[in-house]
Amino acid sequence: MTRAPLLLAASLGVVALTACGGAVEAPYEPGVCFAVEEGAEGEAPAFHKLAEDQPQIEHCAARLEEMRLRFLRQGGSRQEITGAYQGQYIFLDREGVWIGKTIDGSRFILMARTGDGRLAVPGAITRDATGRPIGVAAPPETPPAAPAGQ
């Protein structure tokens with residue numbers, strides 16, 4: 001009789017460890033960008049093909065940003081979007097684009113938002129004295145001056 005509770009506890013422990021280690025990996029289809037719909041508590045996320053022939057993860061992030069803005073224009077209020085590209089998760093939020101190997105693990109910055117809301121590589125962003133990003137546009141080109149006497 002004392003072995004039954006011990007076996008039950010051991011098998012419950014194995015089931016619990018299996019559930020914890022069973023993180024859902026992002027699909028790896030070359031060039032395919034997915035929108036990810038996170039499942040309810042205990043459910044796996046759903047992957048919806050958003051775009052094909054995307055040459056880099058930044059292009060997939062741009063497709064996800066387009067989707068986010070389209071939903072906002074239609075009256076949606078969701079600011080955070082999750083996607084996947086070639087085995088990595090992509091997370092868009094108001095600060096920028098983050099990537100990670102798992103849906104709930106560590107995230108690393110890929111692109112940050114400029115002062116006017118566009119996405120850029122973090123090193124290319126100009127910041128003010130407080131660290132806040134500021135949008136900088138290139139100066140307009142001036143037409144060449146006409147030669148004197150003409």
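Reader: Which residue takes a positive phi just after helix 2?

Author: In this predicted model, the backbone just after helix 2 reaches a residue whose phi is positive, at about 105 degrees. Helix 2 itself covers residues 57-73, and the residue with the positive phi is G75.

Reader: How many residues does helix 2 have, and what span does it reach from its first C-alpha to its last?

Author: Helix 2 runs through residues 57-73, which is 17 residues. At 1.5 Å a residue the expected reach is 24 Å, and the distance from the first C-alpha to the last is close to that value, at 24 Å.

Reader: What arc around the axis do the buried residues of helix 2 cover?

Author: The buried residues of helix 2 are I57, C60, A61, L64, E65, M67 and R68. They lie on the same side of helix 2, because the arc they cover around the axis is only 160 degrees. As a general point, an α-helix has 3.6 residues a turn, so residues three or four places apart point the same way. The arc asked for in helix 2 is 160 degrees.

Reader: Which element gives the largest share of the largest nonpolar core?

Author: The largest nonpolar core has 16 residues, and those with the most contacts inside it include I57, C60 and L64, along with I90, L92, V97 and L110. Two or more residues come from each of strand 1, helix 2, strand 3, strand 4, strand 5 and strand 6. The largest share is 5 residues, and the element that gives it is helix 2.

Reader: Is C33 buried or exposed, and what is its relative accessible area?

Author: A residue counts as buried under 20% relative accessible area, and C33 falls in that class. For C33, the answer is buried, at 0%.

Reader: Why does the pair of F47 and Y89 count as tilted?

Author: Ring planes under 30 degrees apart count as stacked and those over 60 as edge-to-face, with the rest tilted. The rings of F47 and Y89 have their centres 6.2 Å apart, and the pair links strand 2 to strand 4, with the two residues 42 residues apart. The pair is tilted because the angle between its planes is 35 degrees.

Reader: Which residue lies over the face of F91?

Author: F91 belongs to a cluster in which ring pairs link F34, F47, Y89 and F91, and F91 is buried, as is Y89. At 3.5 Å from the ring centre of F91, over the face of the ring, lies R107.

Reader: What distance separates the C-alpha atoms of G31 and P55?

Author: G31 is found in the loop between helix 1 and strand 1, and it counts as buried at 9% relative accessibility. G31 and P55 are 24 residues apart along the chain, and their C-alpha atoms are separated by 5.8 Å.

Definitions and conventions: Residues numbered from 1 in each chain as written. Predicted model: local features only at pLDDT ≥ 70, side-chain atom pairs only at ≥ 80, totals over all residues. Heavy atoms only, no water. Phe/Tyr/Trp six-rings, centres within 6.5 Å; stacked < 30°, edge-to-face > 60°. Helix = DSSP H or I, 4+ residues; strand = E, 2+ residues; numbered from the N terminus. Buried < 20%, exposed > 50% of the residue type's maximum accessible area, 1.4 Å probe, protein only. Lys NZ or Arg CZ within 6 Å of the ring centre and 35° of its normal. Expected span 1.5 Å × (residues − 1). Arc of directions from axis to C-beta. Core = buried A, V, L, I, M, F, W, Y, C linked by side-chain atoms within 4.5 Å.
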